[in-house]
Amino acid sequence: MPPKKPGKPKKKPDDPTKLSGRPLAEMTHATLRALQQRLVMEQEIADKERAAENELRGRMFEHEEDQKRERDRLTSIVADMTRQYKSMQEELNREITVLKAKTVEQDDEMRIKERRFTEISNKKKMELDEKETQVNELKRALDDLTSKFAAMLKETLEKLEKKIETAKWETDANDAAAIKRLKDLAGI
């Protein structure tokens with residue numbers, strides 16, 4: 001930096017302690033006005049700052065209230081959802097218990113019915129076997145009776161033929177047809 005040039009010495013303001021009378025009163029009055037204006041300006045600034053601080057506090061209070069309401073709402077929602085979940089879980093558990101009981105009951109009924117079916121099936125099979133045995137016995141008996149009846153008819157027919165021969169009937173077409181019918185009936 002270049003050196004400063006010596007210039008005119010600055011004039012210092014008058015020392016207020018050396019003033020008296022009217023200049024002192026004017027100066028005091030001017031200082032008082034300046035100080036009053038400065039006080040008014042600083043009070044306005046302080047009022048604005050207090051107003052801004054109060055507004056900020058109000059906003060913070062509203063924000064805190066909003067947060068509290070939101071927390072309360074969320075807590076309420078969580079509590080409601082928890083209650084619904086527990087209720088649904090209990091209902092589901094009850095339904096599972098009921099269904100398990102029904103399953104056990106139906107399994108028992110099914111086993112009983114299977115046993116009954118097996119018993120009835122075995123009984124019916126035995127009855128069928130019995131009936132088949134009876135049918136076979138009756139068939140044998142019928143065959144025996146048929147063969148006995150055939151033998152009896154044959155015997156009767158033979159006796160008739162002998163009687164006819166002994167009586168010396170004349171054989172005509174009618175008698176031969178009657179003999180043929182008798183032979184057919186006898187199965188000869």
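Let me start with Ala 151, which sits in helix α1; helices here are DSSP runs of H or I with at least four residues, strands are runs of E with at least two, and both are numbered from the N terminus. Ala 151 has a relative accessibility of 43%, so Ala 151 counts as partly exposed. On the cut-offs: buried is under 20% relative accessible area, exposed is over 50%, and partly exposed is in between, with a 1.4 Å probe and protein chains only. The C-alpha atom of Ala 151 is 7.7 Å from that of Ala 186, and 35 residues separate the two along the chain.

Before going on, this is a predicted model, in which local features need pLDDT of at least 70 and side-chain atom pairs count only at pLDDT 80 or more, while totals for chains, interfaces and linings use all residues. Residues are numbered from 1 along each chain as its sequence is written, and side-chain values use heavy atoms, with hydrogens and water left out.

There is a second pair of this kind. Lys 154 and Lys 183 are 29 residues apart in sequence, and their C-alpha atoms are 7.5 Å apart in space. Lys 154 is in helix α1. Its relative accessible area is 40%, so Lys 154 is partly exposed.

Now the chain as a whole. How many helices and strands does the chain have? The chain has two helices and zero strands. Helix α1 covers residues 22-167. Of the 188 residues in the chain, 2% are buried. The chain exposes about 18300 Å², and 58% of that comes from carbon and sulfur atoms; accessible areas are from the Shrake-Rupley method with a 1.4 Å probe, and for residues only the protein chains shown count as cover.

Next, the salt bridges. The structure holds 11 of them, a salt bridge being a side-chain nitrogen of Lys or Arg within 4 Å of a carboxyl oxygen of Asp or Glu.

Glu 26 pairs with Arg 22, with 3.2 Å between the closest N and O atoms. Both residues lie in helix α1, four residues apart, about one turn of the helix. Glu 26 is partly exposed because its relative accessibility is 46%, whereas Arg 22 is exposed because its relative accessible area is 64%.

Arg 50 forms a salt bridge with Asp 47, and here the closest N and O atoms are 2.8 Å apart. These two also lie in helix α1, three residues apart, again about one turn of the helix. Arg 50 has 47% relative accessibility and so counts as partly exposed; Asp 47, with a relative accessible area of 42%, is partly exposed too.

Why are Lys 159 and Glu 155 separated by about one helical turn? Because they are four residues apart in helix α1. Lys 159 is partly exposed at 49% relative accessible area, and Glu 155 is partly exposed at 43%.

Last, a nonpolar patch. Which residues form the nonpolar patch on the surface? They are Leu 74, Ile 77 and Met 81, with about 260 Å² of accessible area together. Patches are made of residues with over 30% relative accessible area and no salt bridge; like charges are joined within 9 Å, and nonpolar side chains (Val, Leu, Ile, Met, Phe, Trp, Tyr) within 5 Å. Leu 74 belongs to helix α1, and with 41% relative accessibility Leu 74 counts as partly exposed.
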